[in-house]
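Have the sequence and the model open side by side, and let us walk through them together.

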Amino acid sequence: MESRRQVGERVRRTEDARLLTGRALFVDDVRLDGMLHVAFLRSQHAHARLTGVDATAARARPGVVAVYTAADLGDYWRPGPLLVPPPPIAGLVFNACTQVPLAKEKLRHVGEPMAMVVAESRYLAEDALDDIVVEAEPLPAVVDLEAALAKGAPRVHEHLPSNLAAHAVQRKGDYARAKQRAHTVIKRRFRYDRGASAAIENRAVAAQWDPRAEELTVWDTTQAPIPIRNGLAQLLGLLESQVRVVAPFVGGGFGPKIMMYYPEEVLVPWAAMKLGRPVKWTEDRQENFFATTQERGQIHDAEITLDQSGKILGVRDVFLHDTGAYDPYGLTVPINSQCTLLGPYEIPNYESEFTAVFTNKTIVTPVRGAGRQHGVFVIERLLDFAAKELGIDRAEIRRRNLLRRDQFPFNNEILFQDSAPLTYDSGDYEPALDQALELIDYHRFVREEQPRLRTAGRHVGIGIV
Amino acid sequence: MTVEPGGRVRLATGVGTQGQGHFTAFAQIVAEVLGVDVADVHVITGDTREFHWGTGTFASRGAVVAGSACQAAALRVREKILELASHELEASKADLVLAGGSVHVRGDPGAGITLGALAVKANPLRGAVRPGTEPGLEATAYFGPDRGSTASGVHAMLVEVDPETAQVEIRRYVVVHDCGRVINPMIVDGQIHGGVAHGIGNAFYEQLVYDEDGQLLNASFMDYLLPTATDVPRVETAHRETPSPLNPMGAKGVGEAGAIPTGALFAQAVEDALGRTGLEICEIPLSPSRLFELIEEAR
């Protein structure tokens, strides 16, 4: 006799009682004796040469315990790690430029931290930000992706010859040949712009050094406490067993709280050790808009070729990807876009080329979907336009191109971001399409309901992807 | 994973939690294998003191990776329970049943032994560890799949658009999704609902607007439009299960799924609603004002 079935049941969430009654621990709930509070002085410029940060007056303000600039960090100042090295795509160009704890000679996006004030309260710390004198010479900002690659464009990273962060081409089959056989070719330009992850809880870090036990405890809103523990141990010269990282309840992650080694994440524990007192920083919402990573800026020039029946012969896509001021997360996002464009369809010939571009904007790392949205948007829109052109129903053109159940595992040949060929393990797509059509009553809507509503002057539409 | 002398099961995992329902889903996996109540599985996440290895929660990997490791640990603990209980109850393992937090011989539920009592017996403080055995009803297990499993789904939507104001009302939103074996349909529904809400924001409300000097113009919730409860419709979901062969549970990821196709769907449905030749939506995010411009351009 087997145990009672539990997997598959609608069991009520056991954590909710704690969450709903306010008894769950979040990082900002951590309050310790003698705790100090942090505010960061952040760049107002998107792009500038930083020539001086004078914290003399801030240090003299009552209640201020310490002010750190890049110069005060000594050996601790070093760029963050490259979190995800790119996969071995032939001919790949990748320029790694990871974020720094405090800006030293150059400011590369609005919100980039330049100085850290540690004070007896957050109020005092924020007041002291006004005492810091910054000398910066503004430079023209790199914002538009195409202008960023133009000859003579200002460079985000001056040691590189251009703002090109990466370039990759992946191919499957022979697109050019497929195009020769095409009945229909459709080409469009697609734009996908940035949004915020907008988690309900902003980031926060609290740290306490216990000199008797020689142990560092860090409470962090990270999605990846173990990598952060390992990284901090290495940075601070401690054993991994001397560092405890606790990610308690976290109010939404969505990607930007992955193992970033954000400046704040690296500096707060360091300051706690240096000062021998607990230190806490909680991001406010405005900081979150500038200092927490974002996603989704891409421009695609995409082309689909089909035969008369609506079967896809091939797709060619060339796109620009905005990686922001630094690229610590490698190429996860643009490679996801490149791979996910193939979707649930059989696309025998595919050519995809992307250029990742440095801009003077907040760093781009995965946000829920991690680049997949763009690929899906491009292929689904191309199919919509193809359906219109060929006079085929939108659902039908999809059905004709879906992978069949007996085609799995299905190898899409191009490399995925995990460095292995993009292979779908299993799936059964057509019944899912049928079920969705049935649930939304697609055919009846298109045949009867929509014409009736149109006559009544109402604009009601249906979508299926 | 450890069965404690009180009979409760302590489970620690390297992943952190940001609201996904890990405490419940992982407990369900363990409860099923050990025949205990979900409430008796105490889950600890995100504390490096409690678990040494792992990466974290992202890429829709919690259920697939940590969930499979939880199941593997539970199966090992189950084996230890059966081994010890077989000795205690003088019965063959094949005849033992785990249910209600106890082990008993099939057909004789009255004469069982609780997991707590077995845990006490497995504790070497109370007696020598027999050669070839380990103390404690505990196990540590890991899981690493060959590669990611591929979830899939179909989204459908009915929208009404007012062509004069570009106001969009979502009248129905249907998601048929397949994330392989579903551990908890309610949690999966929640993941889908949250994802769709994110997707709707991404499609029609949320856009970070930078000016030519690289200044972000809408860095507050006064200016950055988030969808609210009144903008997000009831999402009707249907679960399909095509188990993944890449992990023992057949699970596939779901955390990101809801957010991914929404932009494409929104563009198609809005275009269909307006029914204007010449109107092609090739950009996301839209906004009420941007849609208004596109409608005007197509007039």
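Helices here are DSSP runs of H or I with at least four residues, strands are runs of E with at least two, and both are numbered from the N terminus.

Before going on, a word on the source: this is a predicted model, in which local features need pLDDT of at least 70 and side-chain atom pairs count only at pLDDT 80 or more, while totals for chains, interfaces and linings use all residues. Residues are numbered from 1 along each chain as its sequence is written, and chains are lettered from A and ligands numbered from 1 in the order in which they are written.

Helix 10 of chain A is mostly covered, with 14 of its 19 residues buried. A residue is buried if 20 or more other C-beta atoms lie within 10 Å of its own, exposed if 12 or fewer, and partly exposed in between, with C-beta atoms placed from the backbone. After helix 10 comes A:Gly391, with a positive phi near 70 degrees.

**Domains of chain A**

The domain assignment, which is automatic or from a database, divides chain A into domain 1 (18-139 + 198-291), domain 2 (145-194 + 294-427) and domain 3 (436-465). The C-alpha centres of domain 1 and domain 2 of chain A are 35 Å apart. Between these two, 30 residues of domain 1 are in contact with 34 residues of domain 2, where contact means C-beta atoms, placed from the backbone, within 7 Å. The domain 1 side has 20 nonpolar, 9 polar and 1 charged residues. Here Ala, Val, Leu, Ile, Met, Phe, Trp, Tyr, Cys and Pro count as nonpolar, Asp, Glu, Lys and Arg as charged, and the others, Gly among them, as polar.

**Where the chains meet**

In the contact between the chains, 103 residues of chain B touch 93 residues of chain A. Helix 5 of chain B gives the largest share of the chain B side, 11 residues. By class, that side has 50 nonpolar, 35 polar and 18 charged residues. Strand 9 (residues 184-192) of chain A and strand 10 of chain B pair in the parallel sense over 2 bridges; pairing requires at least two DSSP bridges. In strand 10 of chain B, B:Ile284 stands opposite A:Tyr192. The peptide bond from B:Ile284 to B:Pro285 is cis, with omega near 0 degrees.

**Backbone spots to look at**

Chain A has a cis peptide bond too, from A:Phe408 to A:Pro409, with omega near -5 degrees. A:Pro409 is in the loop between helix 11 and strand 17 (410-415) of chain A.

| Residue | Phi | C-beta neighbours within 10 Å |
|---|---|---|
| A:Ala198 | near 55 degrees | 22, buried |

A:Ala198 is in the loop between strand 9 and strand 10 (204-210) of chain A, and A:Arg296 is in the loop between helix 8 (285-291) and strand 14 (298-306) of chain A.

**A last stop in helix 11**

A:Arg399 belongs to helix 11 (residues 394-401) of chain A. This arginine counts as partly exposed because it has 16 C-beta neighbours inside 10 Å. Leaving aside neighbours within four places in sequence, A:Arg399 is in contact with A:Glu430 and A:Leu433.
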